[in-house]
Amino acid sequence: MNRISPSRVYLFIEFAASACFSMMFVVTSLYEATIAGLTPVQLILVGTALEISAFVFEVPTGIVADVYSRRLSIIIGYVLMGIGFLVEGLFPAFIPILLAQIIWGLGYTFTSGATQAWITDEIGEEDANKLFLRGMRVGLYASLIGMALAALVGVNNVAMPILVGAGGVLSIGVILIFIMPEKNFHPTPREDRNTWQHMWHTFKQGAEAVRSKPRLLSIVGVGLFYGIYSEGFDRLWVKHLLDQFSLPILFGNNQVAFFAVLRAAGALLTILAVHVVEKRVDSTNPIAIGRAMFVVTALISVAMLGFALSPLLFLSLALYLVLDALRDVRIPLQTAWVNQKLDSKVRATVHSMFGQVDAIGQMLGGPVVAMIAVFGSTLASLVTSSLLLTPALFFVSRANSESRPEPIEGSVDEVENESLPT
């Protein structure tokens with residue numbers, strides 16, 4: 001039954017999930033803006049509902065993974081995510097789509113952290129760290145396959161890639177029942193299973209770790225404003241293109257192929273950008289990471305403003321591709337930034353807290369951008385989103401100043417001599 005190695009199961013999850021999710025995400029915003037006819041305010045409320053769901057359920061579902069079974073948690077997660085996307089694809093209206101976000105947000109929290117914890121238990125930390133990098137590459141290439149499939153199956157029906165992808169995600173959960181091993185999981189002892197007290201204790205440990213490091217407090221500010229700005233762009237960029245320009249129809253399939261090609265180009269540019277960052281930025285040096293974060297943050301804000309105000313389709317698409325690559329590059333940079341010199345006992349908790357900070361930011365930023373959409377326009381909402389990111393530059397600068405090591409006995413600070421990666 002469980003003859004497949006844990007590593008192969010992990011790569012199967014990364015490949016299948018990346019292909020299915022990319023297939024759906026190519027058309028989700030297009031589907032919501034056209035077939036479902038959601039207004040800008042409704043689009044943002046849908047995104048906010050997803051963030052609230054993920055925020056509320058993150059900790060309780062994490063307990064299932066730690067107390068009962070990581071395997072069970074992952075299986076439940078993929079089944080629920082599949083159901084959530086099926087609801088969205090079958091019922092193109094605001095309320096069902098809102099409900100779908102809650103369901104798939106709940107499902108996501110069952111897999112969040114559990115997959116990494118499961119494979120680390122099964123094969124060991126060193127091998128797992130190597131596998132994470134391999135899994136990321138597999139996922140990127142699988143996402144290209146998913147985008148191509150979206151263009152094929154969405155020829156006559158924009159909802160079809162969502163329905164096919166949802167069926168695929170649901171199937172992942174079912175297949176894992178038969179192939180996923182779990183031999184090295186040790187559940188939390190019964191006496192430690194009380195949940196909210198244990199959660200509160202863990203949270204306090206993580207908060208204390210953050211408070212004890214001024215640099216981390218500044219990075220919290222960076223993460224908060226990344227969350228605040230992102231909801232508006234994530235939900236409105238497709239509608240903005242549809243409202244402002246007459247988009248080319250590729251291969252005669254109602255713009256699905258256009259967005260599939262655009263997403264694929266973004267994925268290829270991201271692969272190139274990640275490779276450049278890996279070569280040029282020293283991930284062991286918080287100063288080098290912080291400088292790269294400042295450049296990336298500034299470029300994202302400027303590119304988004306240009307995307308919103310550009311009168312030319314070609315320029316808007318070019319700026320979108322730059323934005324897509326920069327936003328993806330920012331994620332591993334910030335993860336490495338946070339990870340510097342953390343106590344292993346609270347590392348997972350601190351990373352989880354930063355995920356929660358991002359969710360809080362999106363819940364705060366979503367209503368603000370929604371109100372601007374009500375009284376202004378989609379364009380005004382995007383301009384506001386670009387401006388909402390600019391305070392993050394202050395926190396990046398402050399974190400960088402707090403990362404500078406103290407000079408030791410008159411030695412020259414070598415970090416000062418490092419050049420900014422280009």
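Visitor: How many helices and strands does the chain have?

Guide: The model is a predicted one. Its chain has 15 helices and zero strands. Of its 422 residues, 50% count as buried. Among contacts between residues at least 6 apart in sequence, 85% join residues at least 24 apart.

Visitor: How do the axes of helix α11 and helix α14 cross?

Guide: One reads the angle between the two N-to-C directions, and over 145 degrees counts as roughly antiparallel. Helix α11 (residues 286-309) and helix α14 (residues 378-389) have axes that come within 9 Å and cross at roughly 170°. The two helices are therefore roughly antiparallel to each other. The crossing of α11 past α14 is left-handed.

Visitor: Which residues meet where α11 contacts α14?

Guide: From α11 come T297, I300, S301, M304, L305, F307, A308 and L309, which meet L379, L382, V383, S385, S386 and L389 of α14. The residues of this contact comprise ten nonpolar, four polar and no charged.

Visitor: Is S316 buried or exposed, and why?

Guide: A residue under 20% relative accessible area counts as buried. S316 has 0% relative accessibility, and therefore counts as buried. This serine lies in helix α12, which spans residues 313-339.

Visitor: Which residues does S316 touch, leaving aside those up to four places away in sequence?

Guide: S316 touches L241, F245, F307 and S310. With S310, the S316 side chain also forms a side-chain polar contact of 3.3 Å. F307 is also one of the α11 residues that meet α14.

Key. Residues are numbered from 1 along each chain as its sequence is written. This is a predicted model: local features need pLDDT of at least 70, side-chain atom pairs count only at pLDDT 80 or more; totals for chains, interfaces and linings use all residues. Side-chain values use heavy atoms; hydrogens and water are left out. Helices (H or I, at least four residues) and strands (E, at least two) are DSSP runs, numbered from the N terminus. Buried means under 20% relative accessible area, exposed over 50%, partly exposed in between (1.4 Å probe, protein chains only). A polar contact is a pair of N or O atoms within 3.5 Å; within protein, one must be able to donate a hydrogen and the other to accept it, and residues adjacent in sequence count only if both atoms are side-chain atoms. Contact means heavy atoms within 4.5 Å. Axes are lines fitted to C-alpha atoms, for helices over the stretch in contact, and angles run from 0 to 180 degrees between N-to-C directions. Angles under 35 degrees count as roughly parallel, over 145 as roughly antiparallel, 65 to 115 as roughly perpendicular and the rest as oblique. A crossing is left-handed if the near helix is turned anticlockwise from the far one by less than a right angle, and right-handed if clockwise. Ala, Val, Leu, Ile, Met, Phe, Trp, Tyr, Cys and Pro count as nonpolar, Asp, Glu, Lys and Arg as charged, and the others, Gly among them, as polar.
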